[in-house]
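Please keep the sequence and the model in view while reading.

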Protein chains: 2
Amino acid sequence: MKPQGKKKATIYDLSVLSGCSASTVSAVLNGTWRKRRIKESTAELIQSLAEQHQYTANLQARGLRNSRSGLVGLLLPVHDNRYFSSMAQTFEAQVRSHGKCPVVVSASRDPQEELATVETLISYSIDELFIAGATDPDSVHGLCEAAGIRHINIDLPGTKAPSVISDNYQGARLLTQAIIKRFDDAEAPLRPQELFLFGGRNDHASRERIKGFRDIKTELLGHDSDDCIQPTGYSPGMTQKAFEAFYEREGKLPRGLFINSSINFEGLLRFMAQHPHETFADIVVGCYDYDPFGSFLPFPVIMIRQDTESMLAKAFELIEETRPAVKIHLIQPELVHPRTALKGPLDSIRDIDA
Amino acid sequence: MKPQGKKKATIYDLSVLSGCSASTVSAVLNGTWRKRRIKESTAELIQSLAEQHQYTANLQARGLRNSRSGLVGLLLPVHDNRYFSSMAQTFEAQVRSHGKCPVVVSASRDPQEELATVETLISYSIDELFIAGATDPDSVHGLCEAAGIRHINIDLPGTKAPSVISDNYQGARLLTQAIIKRFDDAEAPLRPQELFLFGGRNDHASRERIKGFRDIKTELLGHDSDDCIQPTGYSPGMTQKAFEAFYEREGKLPRGLFINSSINFEGLLRFMAQHPHETFADIVVGCYDYDPFGSFLPFPVIMIRQDTESMLAKAFELIEETRPAVKIHLIQPELVHPRTALKGPLDSIRDIDA
DNA sequence: CTTTTTTGCACAATCGATGGTGCAAATAAT
DNA sequence: ATTATTTGCACCATCGATTGTGCAAAAAAG
């Protein structure tokens, strides 16, 4: 029928048109009509009217009534890096496959903003919340708990709700080992003071990665000292400064670099922009995060791809449970060798014309 | 006060607690109380009660009543590439600064999914919609129009709503010119059959870019033939195949490559993974999209950074207008030379501990 | 000490959908 | 033909917030 002037049709409009009551219309349109013993012919009539008038339910009204909204939220620290944006992509696909509506929001790794954002989501009667990389997962838990909203931590664990995170310790060991191995047939063997870790802050992920780094480094190279760890926060700018400072001091970069995340890796890019190719002639970089372009830089870049699909799948599984245990589920990440272009969530979406 | 057992406080709860009517409570808490001549002391009482009981308005109820929700939507084709994810990031910042709540969803460049997603958003009484990179902006317009929702196209233009897009023609000229210039002091000059365009499909952006590419190429190199244009859709897999096919046929890659988007660039990465460094020894790549890691690949990569901030700013400006003209606003993109690490939206978020 | 004006707030309808309850008509059982 | 069931649906309260309207009490004007 015509695209209507302005206002959307409601069950009351259809009620008038069909001669049935609004409750009948409602039942027909939300599928509960068999349970309510509505005649099949009545249902058909109403359905065809609904179609003609392009009826779609007002989800705010429905949500108000059932205090559910059909929305499932993903709280992200930031959008614009490959780790989180590909998480968003898989999240959307999984939520849709459950027949719900995904909502992705970021809170800039700011505890205040995290809480404010979650409050807003709760006010919209969001049904479930996936909390990824929150600085303060337990406070967020507090809000969800009070509102009776199922929630789960991803990427960074909390102590009050179940968490699904990648096995940072193991991943860091893998990555560090791979970096070291790269020097196996170098003319000069890698010395402990030549292998540094840059980036991260005092969060669970960083701590675990640092532990893994130090453990395997000590195992393989015999020694590790505190000054080989340079936490810079999750900021490209600070990371760049750290590299500049190091370079100023030492006249060169460490031969082996463990970079805590792709965001920190961008700090290295900024440093690179200021220095000639030779500066990077024989370095090996390991980055705890995968970025397809990062994998093809002019020096060997070994990366860790966190398995966001498995993490989210596990998270969905747990969030469905009635009383999930408050424990941390570790998902194994994957080591990605230099010059590797992995497939991603985009590969599963069809592209029409070529 | 205590975090409450389960249910959130409503104006009715506060109404009882304060001895005032619900309408008074409502007025106090939504700021209209002066207009309603509520005594200041009453307002203070209610506000303090609200704080004690951690009252937050049920936004679904409010939205139902005003048929507005405070939500502003951004419809994206996909999340996981730097162009769209950084668009999401700036979008969120801008929406928040307007006191609204951002909602970002992707629709996989699938016209069906686009419409379904927008219908859902409309059912939540979203206030405004930014339609980015939609395959079928005009159908989306239809839905918004019928629902009386302000909307605007970004990145890909429609014919029925105002659009803000980057100047693809001009950008493509810039980029192509920069590619050609790179060969100025090469031993062998670049011949027209050595400069190819890969990627894109039959959308407005691709068409404009192809036009810009061909125009300047003809101007500078004297000739351009149809087979130098290889549209592959927006899919890494298809793009890879196109490169493989070309390589199979010609035994090498073109010396000059114009790649239509970072998504297509990922197709080149996949190709690269299959071939040794030498294959890329003297190629020059121009990519219509900026990715910081892409900028540092082992061969010269010239990129175009689309100015998402300006695009969104302009879009916000237009969407506020009562009757914005249905026209296309062009935003100039920026040429980014190889080995450049630009700042992005992440730089404006503070990082607490270093 | 009236009359007018202002102040301060309560009432009740409304937004659209849902679901428990009740009840008449149709059908089946006796 | 009478009672018991089943069928098919209407009625109405409800979710929480908003807002136009109305009306006492208090203050000001006379």
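In this predicted model, an N or O atom in the side chain of R62(B) lies 2.4 Å from a phosphate oxygen of DNA strand D. Looking at the elements that give two or more residues to the surface near DNA strand D, one finds α2 (22–30) and α4 (59–66) of chain A, along with α1 (11–18), α2 (22–30) and α4 (59–66) of chain B. Of these, α4(B) supplies the largest share, with 4 residues.

Taken as a whole, the surroundings of DNA strand D are made up of 26 residues, and the closest of them are K39(A), T42(A), Y55(B), R62(B) and R65(B). Among the atoms of DNA strand D that come within 4 Å of the protein, 47% belong to sugar and phosphate. By residue type, this surface divides into 11 polar, 8 nonpolar and 7 charged residues.

Aromatic rings are the next topic. Over all chains, a search of the whole structure finds 28 aromatic pairs. One of them joins F196(B) and F246(B), whose ring centres are 4.8 Å apart and whose planes stand at 75 degrees, so that the pair is edge-to-face. Because F196(B) belongs to strand β6 (residues 195–198) of chain B and F246(B) to helix α10 (residues 236–250) of chain B, this pair ties together parts that lie 50 residues apart in sequence. Is F196(B) buried or exposed? With a relative accessibility of 6%, F196(B) counts as buried, and F246(B), at 5%, counts as buried too.

F246(B) also forms an edge-to-face pair with F198(B), in which the centres are 6.2 Å apart and the angle between the planes is 75 degrees. Here again distant parts of the chain are linked, as F198(B) is in strand β6 of chain B and F246(B) in helix α10 of chain B, 48 residues apart. F198(B) is buried, its relative accessible area being 0%.

In chain A, one aromatic cluster is formed by F196(A), F198(A), F243(A), F246(A), Y247(A), F271(A), F280(A) and F299(A). Finally, a charge meets a ring in chain A, where the charged end of R209(A) sits over the ring of Y288(A) at 3.8 Å from its centre, and in chain B, where R209(B) lies over the face of Y288(B), 3.8 Å from the ring centre.

Technical notes:
Residues are numbered from 1 along each chain as its sequence is written. Chains are lettered from A and ligands numbered from 1 in the order in which they are written. This is a predicted model: local features need pLDDT of at least 70, side-chain atom pairs count only at pLDDT 80 or more; totals for chains, interfaces and linings use all residues. Side-chain values use heavy atoms; hydrogens and water are left out. Rings of Phe, Tyr and Trp (its six-membered ring) pair if their centres lie within 6.5 Å; planes under 30 degrees apart count as stacked, over 60 as edge-to-face and the rest as tilted. Buried means under 20% relative accessible area, exposed over 50%, partly exposed in between (1.4 Å probe, protein chains only). A charge sits over a ring if NZ of Lys or CZ of Arg is within 6 Å of the ring centre and within 35 degrees of the ring normal. A residue is near a molecule or strand if one of its heavy atoms lies within 4 Å of it. A polar contact is a pair of N or O atoms within 3.5 Å; within protein, one must be able to donate a hydrogen and the other to accept it, and residues adjacent in sequence count only if both atoms are side-chain atoms. Ala, Val, Leu, Ile, Met, Phe, Trp, Tyr, Cys and Pro count as nonpolar, Asp, Glu, Lys and Arg as charged, and the others, Gly among them, as polar.
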